[in-house]
Amino acid sequence: MSGKKVIIDCDPGIDDSLAIMLALSLEELDVIGITIVCGNAPVEMGYENALKILRFMNRLDVPVFMGAAAPMKRPFVNALDTHGPDGLGGSFLDSVPSDAYFRQEQTALEFLEQTLLAESVSVIALGPMTNLAALADHCPEAFARIDSIVSMGGSFRSHGNCSPVAEYNYWCDPDAAAIVYRETDHLGKRIHMVGLDVTRKIVLTPDLLTYLKRLDPETGSFVEQITRFYFDFHWEWEHLIGCVINDPLAVAYFVQRDLCSGFEAYVQIETDGICRGQSVVDSMQFLKHDPNAVVLTQVDALGFFRFFFLRLLHLKKDPDLLPLLVRT
Ligand code: BDR
Ligand code: CA
(Lines give C-alpha, C1' and ligand atoms only; values in the text may rest on other atoms or scores of the structure.)
(Ligands and ions follow the chains in the order given, each with its own letter.)
Protein backbone atom coordinates (compact mmCIF):
# COMPACT_ATOMS: atom_id res chain seq x y z
CA MET A 1 0.00 0.00 0.00
CA SER A 2 1.33 3.41 -0.90
CA GLY A 3 -1.55 5.53 0.43
CA LYS A 4 -1.47 7.78 3.46
CA LYS A 5 -1.79 5.77 6.65
CA VAL A 6 -5.00 6.33 8.57
CA ILE A 7 -6.88 4.82 11.46
CA ILE A 8 -10.66 4.97 11.29
CA ASP A 9 -12.23 5.36 14.70
CA CYS A 10 -15.94 4.63 14.38
CA ASP A 11 -19.23 3.26 15.66
CA PRO A 12 -20.82 1.34 12.77
CA GLY A 13 -23.55 2.37 12.26
CA ILE A 14 -25.01 2.76 8.78
CA ASP A 15 -23.13 5.85 7.61
CA ASP A 16 -19.92 4.69 9.31
CA SER A 17 -20.21 1.56 7.19
CA LEU A 18 -20.52 3.62 4.01
CA ALA A 19 -17.49 5.61 5.16
CA ILE A 20 -15.46 2.44 5.69
CA MET A 21 -16.49 1.20 2.24
CA LEU A 22 -15.36 4.47 0.69
CA ALA A 23 -12.07 4.59 2.63
CA LEU A 24 -11.18 1.06 1.51
CA SER A 25 -11.85 2.04 -2.10
CA LEU A 26 -9.41 4.95 -2.11
CA GLU A 27 -5.90 4.39 -3.36
CA GLU A 28 -4.81 7.55 -1.52
CA LEU A 29 -5.47 5.81 1.82
CA ASP A 30 -3.93 2.91 3.64
CA VAL A 31 -6.40 1.98 6.39
CA ILE A 32 -4.05 0.39 8.91
CA GLY A 33 -6.72 -0.28 11.51
CA ILE A 34 -10.30 0.32 12.50
CA THR A 35 -10.96 1.13 16.14
CA ILE A 36 -14.47 0.76 17.45
CA VAL A 37 -16.15 2.92 20.04
CA CYS A 38 -19.59 2.67 21.57
CA GLY A 39 -21.96 5.09 19.91
CA ASN A 40 -24.60 4.27 17.37
CA ALA A 41 -24.31 0.68 18.56
CA PRO A 42 -22.84 -1.01 21.63
CA VAL A 43 -19.15 -1.60 21.01
CA GLU A 44 -19.42 -5.38 20.47
CA MET A 45 -22.15 -4.84 17.88
CA GLY A 46 -20.12 -2.13 16.17
CA TYR A 47 -17.18 -4.52 16.05
CA GLU A 48 -19.24 -7.27 14.40
CA ASN A 49 -20.68 -4.75 11.95
CA ALA A 50 -17.21 -3.58 10.94
CA LEU A 51 -16.33 -7.20 10.16
CA LYS A 52 -19.47 -7.58 8.04
CA ILE A 53 -18.47 -4.54 6.00
CA LEU A 54 -14.89 -5.78 5.63
CA ARG A 55 -16.23 -9.12 4.39
CA PHE A 56 -18.39 -7.37 1.77
CA MET A 57 -15.35 -5.37 0.67
CA ASN A 58 -13.21 -8.50 0.63
CA ARG A 59 -10.85 -6.85 3.13
CA LEU A 60 -10.93 -9.07 6.19
CA ASP A 61 -7.18 -8.45 6.37
CA VAL A 62 -7.81 -5.03 7.96
CA PRO A 63 -7.43 -5.29 11.76
CA VAL A 64 -10.35 -4.16 13.93
CA PHE A 65 -9.88 -3.28 17.59
CA MET A 66 -12.53 -3.10 20.29
CA GLY A 67 -12.56 0.22 22.13
CA ALA A 68 -14.54 1.95 24.85
CA ALA A 69 -17.81 0.33 25.92
CA ALA A 70 -19.11 3.45 27.66
CA PRO A 71 -18.56 7.20 27.55
CA MET A 72 -16.09 8.67 30.06
CA LYS A 73 -18.63 9.95 32.61
CA ARG A 74 -22.10 9.68 31.12
CA PRO A 75 -24.43 6.71 30.90
CA PHE A 76 -24.25 5.26 27.41
CA VAL A 77 -27.12 6.17 25.07
CA ASN A 78 -26.92 4.35 21.74
CA ALA A 79 -28.56 5.42 18.47
CA LEU A 80 -30.15 2.13 17.45
CA ASP A 81 -33.41 4.01 16.96
CA THR A 82 -31.67 5.64 13.98
CA HIS A 83 -29.47 2.76 12.84
CA GLY A 84 -31.74 -0.24 13.35
CA PRO A 85 -31.80 -2.99 15.94
CA ASP A 86 -28.56 -4.51 14.62
CA GLY A 87 -26.90 -1.13 13.96
CA LEU A 88 -26.94 -1.92 10.24
CA GLY A 89 -30.47 -0.94 9.36
CA GLY A 90 -32.07 -4.21 10.43
CA SER A 91 -30.27 -6.02 7.59
CA PHE A 92 -29.25 -8.78 10.01
CA LEU A 93 -26.41 -9.86 7.77
CA ASP A 94 -24.79 -13.14 8.84
CA SER A 95 -22.03 -12.75 11.38
CA VAL A 96 -18.49 -13.25 10.20
CA PRO A 97 -17.51 -16.69 11.54
CA SER A 98 -14.61 -16.72 13.97
CA ASP A 99 -12.42 -18.85 11.69
CA ALA A 100 -12.77 -16.32 8.86
CA TYR A 101 -11.07 -13.53 10.74
CA PHE A 102 -8.10 -13.14 13.08
CA ARG A 103 -9.57 -11.43 16.15
CA GLN A 104 -7.15 -8.94 17.65
CA GLU A 105 -6.38 -9.23 21.33
CA GLN A 106 -5.09 -5.68 21.57
CA THR A 107 -7.63 -3.09 22.59
CA ALA A 108 -8.23 0.04 20.53
CA LEU A 109 -6.32 2.06 23.12
CA GLU A 110 -3.33 -0.28 23.00
CA PHE A 111 -3.33 -0.28 19.21
CA LEU A 112 -3.54 3.51 19.03
CA GLU A 113 -0.76 3.92 21.58
CA GLN A 114 1.59 1.39 20.03
CA THR A 115 1.01 2.56 16.46
CA LEU A 116 1.38 6.24 17.19
CA LEU A 117 4.50 5.83 19.30
CA ALA A 118 6.05 4.05 16.33
CA GLU A 119 4.89 6.42 13.59
CA SER A 120 2.72 9.47 13.05
CA VAL A 121 -0.57 8.59 11.37
CA SER A 122 -3.88 10.40 10.92
CA VAL A 123 -7.22 9.57 12.49
CA ILE A 124 -10.62 9.92 10.87
CA ALA A 125 -13.00 10.00 13.83
CA LEU A 126 -16.58 9.06 12.97
CA GLY A 127 -18.03 8.34 16.39
CA PRO A 128 -17.91 9.68 19.94
CA MET A 129 -14.32 10.59 20.80
CA THR A 130 -13.99 8.31 23.83
CA ASN A 131 -11.09 6.27 22.42
CA LEU A 132 -9.14 9.38 21.46
CA ALA A 133 -9.72 11.06 24.81
CA ALA A 134 -8.59 7.89 26.58
CA LEU A 135 -5.40 8.03 24.52
CA ALA A 136 -4.85 11.69 25.40
CA ASP A 137 -5.28 10.86 29.08
CA HIS A 138 -3.30 7.67 29.12
CA CYS A 139 -0.45 8.48 26.72
CA PRO A 140 -0.19 12.16 25.75
CA GLU A 141 3.01 11.46 23.74
CA ALA A 142 1.08 9.12 21.45
CA PHE A 143 -1.83 11.55 21.15
CA ALA A 144 0.63 14.30 20.22
CA ARG A 145 1.87 12.20 17.33
CA ILE A 146 -1.49 12.06 15.57
CA ASP A 147 -0.80 13.64 12.21
CA SER A 148 -4.25 15.13 11.60
CA ILE A 149 -7.70 14.52 13.04
CA VAL A 150 -10.75 14.81 10.82
CA SER A 151 -13.83 14.54 13.00
CA MET A 152 -17.41 14.04 11.93
CA GLY A 153 -19.08 15.85 14.75
CA GLY A 154 -20.36 19.11 16.11
CA SER A 155 -22.22 21.93 14.47
CA PHE A 156 -21.72 25.66 13.99
CA ARG A 157 -24.91 27.29 12.64
CA SER A 158 -27.00 24.22 11.98
CA HIS A 159 -29.27 22.91 14.72
CA GLY A 160 -28.41 19.75 16.60
CA ASN A 161 -29.62 16.26 15.76
CA CYS A 162 -30.15 14.97 19.27
CA SER A 163 -30.72 18.18 21.21
CA PRO A 164 -31.47 21.72 20.07
CA VAL A 165 -27.76 22.43 19.83
CA ALA A 166 -25.79 19.19 19.90
CA GLU A 167 -24.72 16.69 17.31
CA TYR A 168 -24.82 13.04 18.43
CA ASN A 169 -21.10 12.16 18.51
CA TYR A 170 -20.22 15.09 20.76
CA TRP A 171 -23.42 14.80 22.76
CA CYS A 172 -22.90 11.09 23.46
CA ASP A 173 -19.53 11.68 25.13
CA PRO A 174 -19.15 15.43 25.64
CA ASP A 175 -16.33 14.98 28.15
CA ALA A 176 -14.28 13.08 25.60
CA ALA A 177 -14.90 15.61 22.84
CA ALA A 178 -13.96 18.41 25.26
CA ILE A 179 -10.67 16.69 26.10
CA VAL A 180 -9.76 16.08 22.46
CA TYR A 181 -10.38 19.72 21.52
CA ARG A 182 -8.56 20.97 24.62
CA GLU A 183 -5.52 18.76 24.09
CA THR A 184 -5.39 19.65 20.39
CA ASP A 185 -5.40 23.28 21.48
CA HIS A 186 -2.49 22.65 23.88
CA LEU A 187 -0.56 21.09 21.02
CA GLY A 188 -1.22 24.09 18.79
CA LYS A 189 -2.90 21.85 16.20
CA ARG A 190 -6.32 21.92 14.54
CA ILE A 191 -9.16 19.42 14.35
CA HIS A 192 -11.04 19.44 11.06
CA MET A 193 -14.64 19.66 12.21
CA VAL A 194 -16.90 18.11 9.60
CA GLY A 195 -20.12 18.96 11.39
CA LEU A 196 -23.81 19.05 10.61
CA ASP A 197 -23.47 22.35 8.69
CA VAL A 198 -21.92 20.36 5.88
CA THR A 199 -23.04 16.76 6.42
CA ARG A 200 -26.75 17.73 6.40
CA LYS A 201 -26.32 18.57 2.73
CA ILE A 202 -25.25 15.02 1.94
CA VAL A 203 -28.61 13.40 1.29
CA LEU A 204 -28.69 10.00 -0.33
CA THR A 205 -32.01 10.14 -2.18
CA PRO A 206 -33.99 7.23 -3.67
CA ASP A 207 -32.93 8.48 -7.13
CA LEU A 208 -29.28 8.35 -6.21
CA LEU A 209 -29.68 4.91 -4.72
CA THR A 210 -31.42 3.65 -7.85
CA TYR A 211 -28.64 5.10 -9.96
CA LEU A 212 -26.05 3.39 -7.77
CA LYS A 213 -27.85 0.08 -8.27
CA ARG A 214 -27.95 0.62 -12.04
CA LEU A 215 -24.24 1.32 -12.09
CA ASP A 216 -23.33 -1.61 -9.85
CA PRO A 217 -26.16 -3.94 -8.80
CA GLU A 218 -24.14 -5.75 -6.14
CA THR A 219 -22.83 -2.69 -4.30
CA GLY A 220 -26.05 -0.76 -4.87
CA SER A 221 -28.18 -3.55 -3.41
CA PHE A 222 -25.89 -3.85 -0.42
CA VAL A 223 -26.15 -0.10 0.22
CA GLU A 224 -29.92 -0.36 -0.16
CA GLN A 225 -30.07 -3.23 2.32
CA ILE A 226 -28.27 -1.30 5.04
CA THR A 227 -29.87 2.12 4.40
CA ARG A 228 -33.57 1.22 4.05
CA PHE A 229 -34.19 1.71 7.76
CA TYR A 230 -32.32 5.03 7.63
CA PHE A 231 -34.64 6.25 4.85
CA ASP A 232 -37.68 5.36 6.97
CA PHE A 233 -36.20 7.07 10.02
CA HIS A 234 -35.60 10.32 8.10
CA TRP A 235 -39.12 10.30 6.71
CA GLU A 236 -40.65 9.67 10.12
CA TRP A 237 -38.64 12.31 11.97
CA GLU A 238 -37.81 14.96 9.39
CA HIS A 239 -40.17 14.32 6.47
CA LEU A 240 -37.07 14.01 4.34
CA ILE A 241 -37.14 11.64 1.38
CA GLY A 242 -33.67 10.19 1.58
CA CYS A 243 -31.10 9.86 4.33
CA VAL A 244 -28.27 12.05 5.54
CA ILE A 245 -25.02 10.14 5.27
CA ASN A 246 -22.67 12.10 7.50
CA ASP A 247 -19.59 9.97 7.91
CA PRO A 248 -18.47 9.35 4.30
CA LEU A 249 -18.08 13.10 3.85
CA ALA A 250 -15.32 13.11 6.48
CA VAL A 251 -13.45 10.42 4.52
CA ALA A 252 -13.94 12.18 1.20
CA TYR A 253 -12.82 15.48 2.71
CA PHE A 254 -9.72 13.84 4.16
CA VAL A 255 -8.61 12.97 0.64
CA GLN A 256 -10.08 15.88 -1.30
CA ARG A 257 -9.97 19.00 0.84
CA ASP A 258 -11.69 21.28 -1.68
CA LEU A 259 -14.99 19.41 -1.19
CA CYS A 260 -15.55 21.54 1.92
CA SER A 261 -14.50 24.98 3.02
CA GLY A 262 -14.80 26.94 6.22
CA PHE A 263 -12.68 28.92 8.62
CA GLU A 264 -10.25 28.47 11.49
CA ALA A 265 -11.59 29.13 14.97
CA TYR A 266 -11.26 28.27 18.60
CA VAL A 267 -13.79 25.59 19.55
CA GLN A 268 -14.75 24.35 22.98
CA ILE A 269 -17.22 21.58 23.77
CA GLU A 270 -19.83 22.18 26.44
CA THR A 271 -20.13 19.20 28.77
CA ASP A 272 -23.19 19.98 30.88
CA GLY A 273 -26.75 21.14 31.04
CA ILE A 274 -29.05 21.93 28.17
CA CYS A 275 -26.05 22.73 25.95
CA ARG A 276 -24.33 19.41 26.63
CA GLY A 277 -22.25 18.41 23.59
CA GLN A 278 -22.55 21.75 21.83
CA SER A 279 -19.50 22.76 19.83
CA VAL A 280 -19.11 26.41 20.76
CA VAL A 281 -17.32 28.09 17.87
CA ASP A 282 -15.75 31.46 18.65
CA SER A 283 -16.24 32.78 15.12
CA MET A 284 -16.05 36.41 16.27
CA GLN A 285 -12.90 35.88 18.36
CA PHE A 286 -14.42 37.09 21.61
CA LEU A 287 -12.08 34.82 23.51
CA LYS A 288 -8.88 35.98 21.77
CA HIS A 289 -7.71 32.41 21.61
CA ASP A 290 -5.70 30.79 18.83
CA PRO A 291 -7.71 28.43 16.63
CA ASN A 292 -7.78 24.73 17.47
CA ALA A 293 -10.15 23.80 14.66
CA VAL A 294 -11.00 24.20 11.03
CA VAL A 295 -14.79 24.55 11.05
CA LEU A 296 -16.29 23.43 7.73
CA THR A 297 -19.39 25.34 6.67
CA GLN A 298 -19.67 24.91 2.90
CA VAL A 299 -19.77 21.72 0.91
CA ASP A 300 -19.91 20.79 -2.74
CA ALA A 301 -22.61 18.09 -2.41
CA LEU A 302 -22.56 17.20 -6.08
CA GLY A 303 -18.78 16.97 -5.93
CA PHE A 304 -19.11 14.64 -2.98
CA PHE A 305 -21.49 12.25 -4.73
CA ARG A 306 -19.36 12.33 -7.85
CA PHE A 307 -16.34 11.39 -5.72
CA PHE A 308 -18.29 8.79 -3.72
CA PHE A 309 -19.72 6.94 -6.71
CA LEU A 310 -16.62 7.22 -8.86
CA ARG A 311 -14.33 5.87 -6.19
CA LEU A 312 -16.62 3.33 -4.52
CA LEU A 313 -17.45 1.74 -7.84
CA HIS A 314 -13.99 2.26 -9.38
CA LEU A 315 -15.53 3.99 -12.40
CA LYS A 316 -13.27 5.28 -15.11
CA LYS A 317 -15.25 8.42 -15.87
CA ASP A 318 -17.62 10.72 -14.00
CA PRO A 319 -21.13 9.36 -13.55
CA ASP A 320 -22.73 11.83 -15.98
CA LEU A 321 -26.30 11.72 -14.68
CA LEU A 322 -25.38 12.84 -11.20
CA PRO A 323 -26.09 16.56 -11.72
CA LEU A 324 -29.70 15.63 -12.38
CA LEU A 325 -29.97 13.56 -9.25
CA VAL A 326 -28.27 15.66 -6.60
CA ARG A 327 -30.22 18.34 -4.78
CA THR A 328 -27.83 21.19 -4.16
C1 BDR B 1 -23.19 11.11 13.64
O2 BDR B 1 -23.87 10.32 14.61
C3 BDR B 1 -24.16 9.06 14.09
O4 BDR B 1 -25.53 8.80 14.09
C5 BDR B 1 -23.61 9.00 12.68
O6 BDR B 1 -22.94 7.78 12.49
C7 BDR B 1 -22.66 10.17 12.59
O8 BDR B 1 -21.34 9.81 12.93
C9 BDR B 1 -24.11 12.18 13.12
O10 BDR B 1 -24.57 12.97 14.16
CA1 CA C 1 -20.68 7.52 13.22
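Me: How do helices α4 and α5 pack, and at what angle?
Reply: In this predicted model, helix α4, which covers residues 108–118, packs against helix α5, residues 130–138, at an angle of about 60°, and their axes are 10 Å apart. Since angles of 65 to 115 degrees count as roughly perpendicular and those under 35 degrees as roughly parallel, α4 is therefore oblique to α5.

Me: And which hand does the crossing of α4 and α5 have, left or right?
Reply: The crossing of α4 and α5 is right-handed.

Me: Which residues make the contact?
Reply: From α4 the contact takes Ala 108, Leu 109, Leu 112, Glu 113 and Leu 116, while α5 brings Asn 131, Leu 132, Ala 134, Leu 135 and His 138. Sorted by class, seven residues in the contact of α4 with α5 are nonpolar, two are polar and one is charged.

Me: Switching to the sheet, what is the order of its strands?
Reply: The sheet is open and has eight strands in the order β3-β2-β1-β4-β5-β6-β12-β9, with mixed pairing. From one strand to the next, the twist averages 25°.

Me: Which strands sit at the edges?
Reply: The edge strands are β3 (64–66) and β9 (260–265), each of which pairs on one side only.

Me: How many bridges join β1 to β4?
Reply: Four bridges join β1, residues 4–10, to β4, residues 122–125, and these two strands run parallel. Ile 8 stands opposite Ile 124 in β4.

Me: Where does helix α2 lie?
Reply: Helix α2, residues 43–56, lies across β2 (29–36) and β3, and it runs at about 175° to β3.

Definitions and conventions:
Residues numbered from 1 in each chain as written. Chains lettered and ligands numbered in written order. Predicted model: local features only at pLDDT ≥ 70, side-chain atom pairs only at ≥ 80, totals over all residues. Heavy atoms only, no water. Axes fitted to C-alpha atoms, helices over the stretch in contact; angles between N-to-C directions. Parallel < 35°, antiparallel > 145°, perpendicular 65-115°, else oblique. Left-handed = near helix turned anticlockwise from the far one by under 90°. Contact = heavy atoms within 4.5 Å. Nonpolar A, V, L, I, M, F, W, Y, C, P; charged D, E, K, R; others polar. Pairing = 2+ DSSP bridges.
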